[in-house]
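Please look over the following model before reading the notes, which move from single residues to the chain as a whole.

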Amino acid sequence: MSSLSTHVLDAVRGAPAAGVTVRLSDASGAELAGGKTDADGRIGALGAELPPGVYRLVFATGDYFAAQGVDAFYPEVSIAFTVGGERHYHVPLLLSPFAYSTYRGS
């Protein structure tokens with residue numbers, strides 16, 4: 001079984017993105033867990049331990065920017081990823097109102 005964490009950084013402000021709602025679902029679309037990023041833009045443990053499979057994180061980026069009074073192009077960011085063997089998976093998101101990027105963190 002594997003564990004999962006995430007980290008959201010606001011690339012325009014150069015600061016963590018606090019208060020971003022994040023949902024975790026499995027390949028069937030069933031929601032497994034959810035939460036909001038803390039003051040450091042992190043969710044340290046998202047959901048229970050995960051068996052191998054395909055999962056999706058959905059970040060409510062439109063709500064995050066709306067709360068700041070900033071117009072944004074993407075109402076949400078959805079990242080699908082594969083969990084393989086037993087290990088910790090970290091999925092960071094670099095965010096701006098009109099772009100985003102992600103990578104497999106450590």
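Where is Ala-30 found? Ala-30 lies in the loop between strand 3 (21–26) and strand 4 (31–36), strands being DSSP runs of E with at least two residues and helices runs of H or I with at least four, both numbered from the N terminus. This is a predicted model, in which local features need pLDDT of at least 70 and side-chain atom pairs count only at pLDDT 80 or more, whereas totals for chains, interfaces and linings use all residues. Residues are numbered from 1 along each chain as its sequence is written, and side-chain values use heavy atoms, with hydrogens and water left out.

**Ala-30**
- With a relative accessible area of 33%, Ala-30 is partly exposed, a class that falls between buried (under 20%) and exposed (over 50%), using a 1.4 Å probe and protein chains only.
- Leaving aside neighbours within four places in sequence, Ala-30 is in contact with Leu-24 and Ser-25, where contact means heavy atoms within 4.5 Å.
- Ala-30 and His-88 are 58 residues apart along the chain, and their C-alpha atoms are separated by 21 Å.

**His-90**
- His-90 belongs to strand 8, which covers residues 88–96, and counts as buried because its relative accessible area is 10%.
- The side chains of His-90 and Ser-5 make a polar contact at 2.6 Å, that is, a pair of N or O atoms within 3.5 Å, of which, within protein, one must be able to donate a hydrogen and the other to accept it, with residues adjacent in sequence counting only if both atoms are side-chain atoms.
- Not counting residues up to four places away in sequence, His-90 touches Ser-5, Thr-6, His-7, Arg-42, Tyr-103, Arg-104, Gly-105 and Ser-106.

**Fold and dimensions**
- Taken along the principal axes, the C-alpha atoms fill a box of roughly 40 × 25 × 20 Å.

**Packing across the chain**
- Of the 106 residues of the protein, 38% count as buried.
- Among contacts with a separation of 6 or more, 57% come from residues 24 or more positions apart.
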